[in-house]
Amino acid sequence: MLTLFHAPNSRSSAIMTLIDEMGVSDRVKVETVTISRFDGSGARDPANPHPEGKTPALVHDGRIITERAAIILHLTALFPDTGLAPRVGTPEWGSFAAWLCWYQGVLEPVLIHQMAGLEHLYLTRTFRGPKEAAARLRSALDRGPWLMGADYSAADLLVHSPFAWAPQAMPDDPVIRQWVERCMARPARARTVAADTARMAETAAG
Ligand SMILES: N[C@@H](CCC(=O)N[C@@H](CS)C(=O)NCC(=O)O)C(=O)O
């Protein structure tokens with residue numbers, strides 16, 4: 001059994017969109033939990049099994065899987081015919097996994113350092129910076145229209161997400177901006193946003 005622990009308008013929203021895109025909503029139970037938010041609202045939810053009280057957390061037959069890249073790799077491997085990832089073990093799957101790991105291990109840290117105004121030799125040596133990240137996206141999208149080439153994949157779903165949340169982090173590049181707009185225009189994303197807005201309103205109403 002698969003259970004996703006989700007907090008509306010959080011990083012787990014990407015996993016909600018993935019589940020919708022894959023057409024497997026009937027295979028994954030969703031538990032809505034609270035998290036502690038940047039503005040001081042919310043609180044860690046004792047019902048959430050994530051070791052740090054964060055979302056997303058996916059529980060598969062009692063085993064906890066955290067980190068969006070790992071959750072995406074796991075769900076797309078479990079449901080291989082849903083069109084959101086190449087087949088496991090192919091060269092294309094290798095580059096798909098690389099995009100997810102680059103996102104988690106490089107792009108998100110780079111953007112967080114940028115937003116926090118942090119600069120240090122260790123950071124640039126380890127992660128490079130926003131310019132290099134944008135160049136990498138641009139070179140993939142020049143072969144595009146999607147990161148993996150002709151088809152939209154869960155790599156686009158994850159990698160575009162910080163630019164949707166924080167438009168101020170968007171590179172000044174029309175090709176990247178148009179790709180983010182194409183990702184944001186996916187009907188599954190609109191459904192997640194609408195459902196999250198309704199969940200937030202319910203919570204606010206008590
Ligand atoms: N590296 C994790 C990050 C998860 C994360 O930071 N989630 C935020 C929501 S956007 C959270 O739960 N924050 C609550 C807290 O900091 O206690 C992932 O990509 O899944």
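**Close-up views of a predicted model**

**View 1. Asparagine 9 is placed in the loop between β1 (2-6) and α1.** The model shown here and in the views below is predicted. Phi of asparagine 9 is near 55 degrees, which is a positive value in a residue other than glycine. Most residues other than glycine have a negative phi. Is asparagine 9 buried or exposed, or partly exposed? Asparagine 9 counts as partly exposed because it has 15 C-beta neighbours inside 10 Å, while a buried residue would need 20 or more and an exposed one 12 or fewer.

**View 2. Four strands form an open sheet.** The 4 strands of the sheet follow the order β2-β1-β3-β4, and their pairing is mixed. At the edges are β2 (28-32) and β4 (63-66), each of which pairs on one side only. From one strand to the next, the twist averages 25 degrees. Strands of a sheet pair through backbone hydrogen bonds, in either a parallel or an antiparallel sense.

View 3. Which residue in β4 is the bridge partner of leucine 58? That partner is isoleucine 65. Valine 59, in turn, stands opposite isoleucine 64 in β4. The hairpin of β3 and β4 has 2 residues between the strands, and in this hairpin aspartate 61 takes a positive phi near 45 degrees.

**View 4. Ten residues are listed around the ligand: Ser10, Arg11, Ile35, Ser36, Gly53, Lys54, Thr55, Pro56, Glu67 and Arg68.** The residues of this shell divide into 2 nonpolar, 4 polar and 4 charged. Two of the residues named around the ligand, Thr55 and Pro56, are joined by a cis peptide bond with omega near 5 degrees. Proline 56 lies in the loop between β2 and β3. Glu67, which also belongs to the surroundings of the ligand, is placed in the loop between β4 and α2. Glutamate 67 has a positive phi of about 80 degrees, although it is not a glycine. With 17 C-beta neighbours inside 10 Å, glutamate 67 counts as partly exposed.

**View 5. A cis peptide bond runs from glycine 144 to proline 145.** Omega of this bond is near 20 degrees. Most peptide bonds are trans. Proline 145 has its place in the loop between α5 (130-143) and α6 (154-159).

**View 6. Domain 1 touches domain 2.** The protein chain is divided into domain 1 (2-83 + 188-205) and domain 2 (91-186). Their C-alpha centres lie 21 Å apart. How many residues of domain 1 are in contact with domain 2? There are 12 on the side of domain 1, and they are in contact with 11 residues of domain 2. On the side of domain 1, the elements that give two or more residues are α1 (12-22), α2 (68-78) and α9 (187-205). Of these, α2 gives the most, with 5 residues. The residues of domain 1 on this side divide into 6 nonpolar, 2 polar and 4 charged.

Note on methods
Residues numbered from 1 in each chain as written. Predicted model: local features only at pLDDT ≥ 70, side-chain atom pairs only at ≥ 80, totals over all residues. Near = placed C-beta within 6 Å. Nonpolar A, V, L, I, M, F, W, Y, C, P; charged D, E, K, R; others polar. Pairing = 2+ DSSP bridges. Axes fitted to C-alpha atoms, helices over the stretch in contact; angles between N-to-C directions. Domains from an automatic or database assignment. Contact = placed C-beta atoms within 7 Å.
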